Every structure is written in structure tokens, then in C-alpha cells.
Amino acid sequence: MASNSRAKSARTRAIDAFQLTVECGICTNVSQLRLLPCQHMMCAPCLGTILKSSNKCCPFCKERLTEYSAQSYPVCRITSDLQRDIQQLADALKD
Ligand SMILES: [Zn+2]
Ligand SMILES: [Zn+2]
């Protein structure tokens, strides 16, 4: 029988899933997240790298990006609040 001790609990997996929604999908940065027109988000440094490349499109859905500066994309403010709440939840659920 496999031990349960190494398996993640359902609540740990839930927290992991929430954290995935509030971090850059490329580098897992959780600050400076920018919202793309397609509603995907990534951090400003990653977005800047893409905007400097010849193929300016969302890495997740390939939608073309028409603004050439990371600053032109709105900051995704909800993620910073959500990230803090998730961290508090994670701390509260620690054994
Ligand atoms: Zn990033
Ligand atoms: Zn996209």
C-alpha cells in the first residue's frame, strides 16, 4: 500500500490551483501582473520579452498583441489582493 503521507490533501491541491490563477503563467512571478486583451495575464517582464520578439502574441492562446509596450496593458489589480488572501488561507490551513 502506498503511504498517504506524500499525497497532497484536497485542500492543499485547492490552494495550489488558486495560486496558479494569480501568478504569471510563464515564470510564476506574482507581482506586476498585466492583463491582456484575451484575459490571459502575465508579469510585465515576461510581457516585455514577448513584445520585443518578432512574434507578438499571447503565449497561451496565440491572440495577437497590438500594443507594443507592457505599460500599455492594464495592471491586474485583483491578483495582488487575491494572492494575499490565498497566502493567509494557506497559513491558516497548515498543520
Ligand atoms: Zn513572468
Ligand atoms: Zn491569451
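A residue counts as buried if 20 or more other C-beta atoms lie within 10 Å of its own, as exposed if 12 or fewer do, and as partly exposed in between, with the C-beta atoms placed from the backbone. Take K62: it has 9 C-beta neighbours inside 10 Å, so K62 counts as exposed.

Some ground rules before we go on. This is a predicted model, where local features need pLDDT of at least 70 and side-chain atom pairs count only at pLDDT 80 or more, while totals for chains, interfaces and linings use all residues. Residues are numbered from 1 along each chain as its sequence is written, and chains are lettered from A and ligands numbered from 1 in the order in which they are written.

**Two helices side by side**

Let's start with helix α1 (residues 10–21) and helix α3 (residues 78–92). Helices here are DSSP runs of H or I with at least four residues, strands are E runs of at least two, and both are numbered from the N terminus. The axes of α1 and α3 are 10 Å apart, and the two helices pack at an angle of about 165°. That makes α1 roughly antiparallel to α3. (Angles under 35 degrees count as roughly parallel, over 145 as roughly antiparallel, 65 to 115 as roughly perpendicular and the rest as oblique. Axes are lines fitted to C-alpha atoms, for helices over the stretch in contact, and angles run from 0 to 180 degrees between N-to-C directions.)

Which residues of α1 and α3 meet? From α1 come I15, F18 and Q19, and from α3 come I86, L89 and A90. Sorted by type, the residues of this contact are five nonpolar, one polar and no charged. For that sorting, Ala, Val, Leu, Ile, Met, Phe, Trp, Tyr, Cys and Pro count as nonpolar, Asp, Glu, Lys and Arg as charged, and the others, Gly among them, as polar.

L93 sits in the segment after α3. Leaving aside its neighbours within four places in sequence, L93 is in contact with R11 and I15 (in contact means C-beta atoms, placed from the backbone, within 7 Å). L93 is exposed, because 12 other C-beta atoms lie within 10 Å. T21, in helix α1, is exposed too, with 12 other C-beta atoms within 10 Å.

**The annotated stretch**

An unreviewed UniProt entry carries the annotation "domain: RING-type" for residues 24–62. Such annotations may be inferred rather than shown by experiment; positions are given in the numbering used here, and feature names are shortened. The span of residues 24–62 is 23% helix and 15% strand, and its end C-alpha atoms lie 16 Å apart. G48 lies in helix α2 (residues 44–52) and counts as partly exposed because it has 16 C-beta neighbours inside 10 Å.

Most residues other than glycine have a negative phi. Q32, though, has a positive phi near 55°, and K62 has one of about 70°. Where are they? Q32 is in the loop between α1 and β1 (33–35), and K62 is in the loop between α2 and α3. Q32 is partly exposed, with 18 other C-beta atoms within 10 Å.

**Along the chain and through space**

Here are some pairs, with C-alpha to C-alpha distances.

| Pair | Apart in sequence | Apart in space |
|---|---|---|
| G48 and P37 | 11 residues | 15 Å |
| L93 and L65 | 28 residues | 40 Å |
| T21 and E67 | 46 residues | 24 Å |

Notes
Two residues are in contact if their C-beta atoms, placed from the backbone, lie within 7 Å.
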